[in-house]
Amino acid sequence: MKEIVKIFRSLNYLMAISLFIILLSNLGLAQTTLTYPKVLRFATFSPGTTLYATSSGLAKVASENTPMTLTVVPTTGVFAWLPMLSKLGTADLGITGLEQVWQMWSGKNAPEPMPKGFPKDPIFPKTRNIRVLIAGPPIPCGMLVRKDSGMKELKDLKGKTVAWGWSGFPNNIGITLANLLLAGLTIDDVKPSTVTEVVSAVKAVQEKRIDSTTCAVGMPAISEADAIVGVRFLKGPMDPERDKEARRANPGGYTIIVRAGLPGVPEDTPVWGLPLAILVSTNMADHVAYKLVKTWYENYNSYATIHPLLKAWTPEVFLNKYVTAPYHNGTIQFFKEKGIWSPDMERIQSELLKME
């Protein structure tokens, strides 16, 4: 009888230990289970714009392939959504170009020595709680002229009347200066003519009121001007040293080749390119950032068909050596797992974090 009692006591002891181990295991699982927000707000531009369509495509694919729903929040632009992301917490993602990201991160308009032509006051306040989630494809932004102008290259702009001022679209200040720097010119080498925004500037080129304007390849206004009078983008020099000089006005940019066929591009044309970026804040958890990057990386074929720009948003452009603000830690974790985060990128990340 005593032996039987001993056996039951031993069994009870073992059962207690087993239950204790199970409880600890469950507790550990509860502590390590990742949770995701139900909704993320993706701040973008107004409906009808390329960036609205692009943001909507990325949001759709992320919503279908993650535990989160990405809702697109239309705004009037970066000036509207930056405080939503960095201060108010009413946006979780935003989209813009790397040149504007540099201005946000640095609180300056351009690197020193600043090219002549920028406004005295910074366009954006210094904002250090932003991070790049992924970089995107470059938007080609060149100098448009009439086909009958006799101009073929950027250097031909010397002494010509060029759209300037850009009170309604200050991005074009830096883009115009970058294109001039590509040609070895400055704003003093041309005749500035005040405009407010780019559609009216294209119309002014069409009507010969000015000789040239900065604009993005693919704008509907270019198609109209090309059909009526014929227009073309001027060729850049395809010189790495000139690109380096142009980045004094547009950090993050580089020259790309736009293939013939689009309005204003009668032949393959080197044009200044400004890569896009999706921004988040440091408040985004690492595993949330990781999940978004991984999802887009693995589902390129799902979003590439939604919009022509998304077709160019291949996984290869997510990591950009010309990045102008630090990458998010969750993004870096994913890049390291893929084996594409190099010592050179680690150096670039460190330098950006140390920027005054």
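Is Cys 141 buried or exposed? With 7% relative accessibility, Cys 141 counts as buried, where buried means under 20% relative accessible area, exposed over 50% and partly exposed in between (1.4 Å probe, protein chains only). Please keep in mind that this is a predicted model, in which local features need pLDDT of at least 70, side-chain atom pairs count only at pLDDT 80 or more, and totals for chains, interfaces and linings use all residues. Residues are numbered from 1 along each chain as its sequence is written, and side-chain values use heavy atoms, with hydrogens and water left out.

**Cysteines**

- The count of disulfides comes to 0, a disulfide being a pair of cysteine sulfur atoms within 2.5 Å.
- The closest cysteine sulfur to that of Cys 141 belongs to Cys 215, and at 8.3 Å it is too far for a bond.
- Cys 215 is in no disulfide either, and at 2% relative accessibility Cys 215 counts as buried.

**Helix H4, a covered element**

- Helices (H or I, at least four residues) and strands (E, at least two) are DSSP runs, numbered from the N terminus.
- Helix H4 spans residues 98–106 and is mostly covered, with 9 of its 9 residues buried.
- Among the buried residues of H4 are Trp 102 and Trp 105, along with Glu 99 and Gln 103.
- The cover over H4 includes helices H3 (78–88), H5 (171–182) and H13 (343–354), as well as strands S3 (93–97), S4 (130–146) and S10 (269–281).
- Just after H4, Gly 107 has a positive phi of about 70°.

**Two helix pairs**

- Two packed helices are described by the angle between their axes and the distance between the axes.
- Here axes are lines fitted to C-alpha atoms, for helices over the stretch in contact, and angles run from 0 to 180 degrees between N-to-C directions.
- Angles under 35 degrees count as roughly parallel, over 145 as roughly antiparallel, 65 to 115 as roughly perpendicular and the rest as oblique.
- H6 (residues 198–206) and H7 (residues 220–228) pack at about 10°, with axes 9 Å apart, which makes H6 roughly parallel to H7.
- On the H6 side, Val 199, Val 202, Lys 203 and Gln 206 meet Ala 221, Ile 222, Glu 224, Ala 225 and Ile 228 of H7, with contact meaning heavy atoms within 4.5 Å.
- Sorted by class, the H6 contact with H7 has 6 nonpolar, 1 polar and 2 charged residues.
- For these classes, Ala, Val, Leu, Ile, Met, Phe, Trp, Tyr, Cys and Pro count as nonpolar, Asp, Glu, Lys and Arg as charged, and the others, Gly among them, as polar.
- H2 (residues 50–65) and H9 (residues 286–298) pack at about 105°, with axes 10 Å apart, so H2 is roughly perpendicular to H9.
- Leu 58, Val 61, Ala 62 and Asn 65 of H2 make this contact with Lys 291, Leu 292, Thr 295 and Trp 296 of H9.
- The contact of H2 with H9 has 5 nonpolar, 2 polar and 1 charged residues.

**Aromatic rings**

- There are 10 aromatic pairs; rings of Phe, Tyr and Trp (its six-membered ring) pair if their centres lie within 6.5 Å, and planes under 30 degrees apart count as stacked, over 60 as edge-to-face and the rest as tilted.
- Tyr 300 and Tyr 303 form an edge-to-face pair, because their ring centres are 5.5 Å apart and their planes stand at 90°.
- Both tyrosines lie in helix H10 (residues 300–303), 3 residues apart, about one turn of the helix, and both Tyr 300 and Tyr 303 are buried.
- Tyr 327 and Trp 341 are also edge-to-face, with centres 6.0 Å apart and planes at 85°.
- Tyr 327 sits in the loop between H11 (308–311) and H12 (329–338) and Trp 341 in the loop between H12 and H13, so the pair ties together parts 14 residues apart in sequence.
- Tyr 327 is buried at 0% relative accessible area, and Trp 341 is buried at 10%.
- Ring pairs join Tyr 290, Tyr 297, Phe 318, Tyr 327, Phe 334, Phe 335 and Trp 341 into a cluster.

**Backbone details**

- Most residues other than glycine have a negative phi, and most peptide bonds are trans.
- The peptide bond from Glu 112 to Pro 113 is cis, with omega near -5°, and Pro 113 lies in the loop between H4 and S4.
- Trp 166 has a positive phi near 55°; Trp 166 is in the loop between strand S5 (161–165) and H5 and is buried at 1%.
- Lys 208 has a positive phi near 65°; Lys 208 is in the loop between H6 and strand S7 (213–216) and counts as exposed at 58%.
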